[in-house]
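Here is a friendly walk through one protein model. Have the sequence and the 3D view at hand as you read.

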Amino acid sequence: MKFTKMQGCGNDYVYVNGFQEQIAASEKPDLAKKISDRHFGVGSDGLIFINPSTEADFEMEMYNADGSRGEMCGNGIRCVAKYVYDKGLTDSEHISVVSAGKVKYLDLTVEKDPERPKDRGTVTRVRVNMGSPILEPELIPVKAEGRQVVNEPIVVDGKEYRMTCVSMGNPHAVIFRQGVAEMKLEQIGPLFEHHERFPGRTNTEFVEVLDRKTCFMRVWERGSGETYACGTGCCAVVAACVLNDLTDNVVTVKLLGGELLIEWDREENLIYMTGPAVTVFEGNL
């Protein structure tokens, strides 16, 4: 099986061309676990198949490192865009990708070598229309009363935190606090992920607001543990920042693996994410 390892801000996945490689659906969860293992496999935060689709230009079929199916990945979908353009599966710089039934629209930034004018270039950055943030508790899902979960208390391991919950097609619990860089996420992350208030588990973002246009985030991803970045998490963070009046609508989110620019267009109620997509290496398994 041919594969390509790619990363967006250090959030790395193994990508497989589903147009060419035929893997039985029953085998994919175990394959994701094996291929993601950083000691005995390729090493990644998960496995993504790029498939044909009748709903969009392409389908992103995503699996987390523990073999569970993921609904959406912001860094992953940018790399899908780079893959399909760089590999010649599309000539368009504007594409659509469906994942778990939700269609996203992507604008590709293509850089060309001035010394090779006939070369079609390669994708370096991608802007994604990530859709509208979901704030209704039952749709996130999170067990809560009321229409939204904004700055609401949650007790984890005997300590009270304040959380704001958002779904970007997958669930997020955003925690604002100081000293994020020093936190031991390997201890607290799983306790949030498996907390009884999250019926489908949750991704958890720990955020330190630096100013009205900048914040720093670390993330514990459901099914993968701490990762260097989370695109949907950054979108959820900016929504949470705005809902708590901590930042403006356009924010640079600093991550362990880089930076993402997030914009919440309040008039359209759409969140846009812009960031890099990088090919690491290719191989055969």
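## Asn170 and its contacts

The side chain of Asn170 forms a polar contact with the side chain of Thr232, at 3.2 Å. This is a predicted model, so please read that distance and every other value here as a computed one. Asn170 sits in the loop that links strand 10 (159–167) to strand 11 (171–176). Although part of a loop, Asn170 is buried, with a relative accessible area of 5%.

Leaving out residues up to four places away in sequence, Asn170 touches Glu71, Met72, Asn203, Arg222 and Thr232.

The largest cavity is lined by Met62, Asn64, Gly70, Glu71, Met72, Cys73, Asn170, Asn203, Glu221, Arg222, Cys230 and Thr232.

## Helix 4

Thr232 also belongs to the buried part of helix 4. Is this helix mostly covered or mostly open? Mostly covered: twelve of its 13 residues are buried. They are Gly231, Thr232, Gly233, Cys234, Cys235, Ala236, Val237, Val238, Ala239, Ala240, Cys241 and Val242.

The length of helix 4 (residues 231–243) makes a handy check: at 1.5 Å a residue, its 13 residues should span 18 Å, and the end C-alpha atoms are 19 Å apart, which agrees. Just after helix 4 comes Asp245, with a positive phi of about 55 degrees.

## Helix 2

Helix 2 (residues 74–86) gives a matching sum: its 13 residues should span 18 Å at 1.5 Å a residue, and its end C-alpha atoms lie 19 Å apart, in agreement. Twelve of the 13 residues of helix 2 are buried, so the rest of the structure largely encloses it. Among the buried ones are Asn75, Gly76, Cys79, Val80 and Tyr83. After helix 2 comes Gly88, whose phi is positive, near 80 degrees.

## Nonpolar cores

Tyr15 is one of the residues with the most contacts inside the largest nonpolar core, along with Leu106, Met217, Val253 and Ile262; this core has 55 residues. Helix 4 supplies the largest share of this core, nine residues. Apart from it lies another core, of 19 residues, including Val149, Val180, Phe198 and Trp220.

## Val251 in strand 15

Val251 lies in strand 15 (residues 250–255) and is buried, with a relative accessible area of 0%. Not counting residues up to four places away in sequence, Val251 touches Arg212, Lys213, Thr214, Cys215, Val238, Leu260, Leu261 and Ile262. One of these, Val238, is a buried residue of helix 4.

## Backbone details in the loops

Which residues does a cis peptide bond join? Ile140 and Pro141, with omega about -10 degrees. Pro141 lies in the loop between strand 8 (122–129) and strand 9 (152–156).

Asp157 has a positive phi of about 55 degrees although it is not a glycine; its place is the loop between strand 9 and strand 10. At 67% relative accessibility, Asp157 counts as exposed. Asn269, also not a glycine, has a positive phi of about 55 degrees and lies in the loop between strand 16 (258–265) and strand 17 (270–276). With 30% relative accessibility, Asn269 counts as partly exposed.

Note on methods. Residues are numbered from 1 along each chain as its sequence is written. This is a predicted model: local features need pLDDT of at least 70, side-chain atom pairs count only at pLDDT 80 or more; totals for chains, interfaces and linings use all residues. Side-chain values use heavy atoms; hydrogens and water are left out. Helices (H or I, at least four residues) and strands (E, at least two) are DSSP runs, numbered from the N terminus. The expected span of a helix is 1.5 Å times one less than its number of residues. Buried means under 20% relative accessible area, exposed over 50%, partly exposed in between (1.4 Å probe, protein chains only). A polar contact is a pair of N or O atoms within 3.5 Å; within protein, one must be able to donate a hydrogen and the other to accept it, and residues adjacent in sequence count only if both atoms are side-chain atoms. Contact means heavy atoms within 4.5 Å. A nonpolar core is a set of buried Ala, Val, Leu, Ile, Met, Phe, Trp, Tyr and Cys residues joined through side-chain atoms within 4.5 Å. On a 1 Å grid over the protein atoms alone, a cavity is a set of points where a 1.4 Å probe fits but cannot get out, and a pocket is an open set with protein on both sides within 12 Å along at least five of seven lines; lining residues have an atom within 4 Å of a point.
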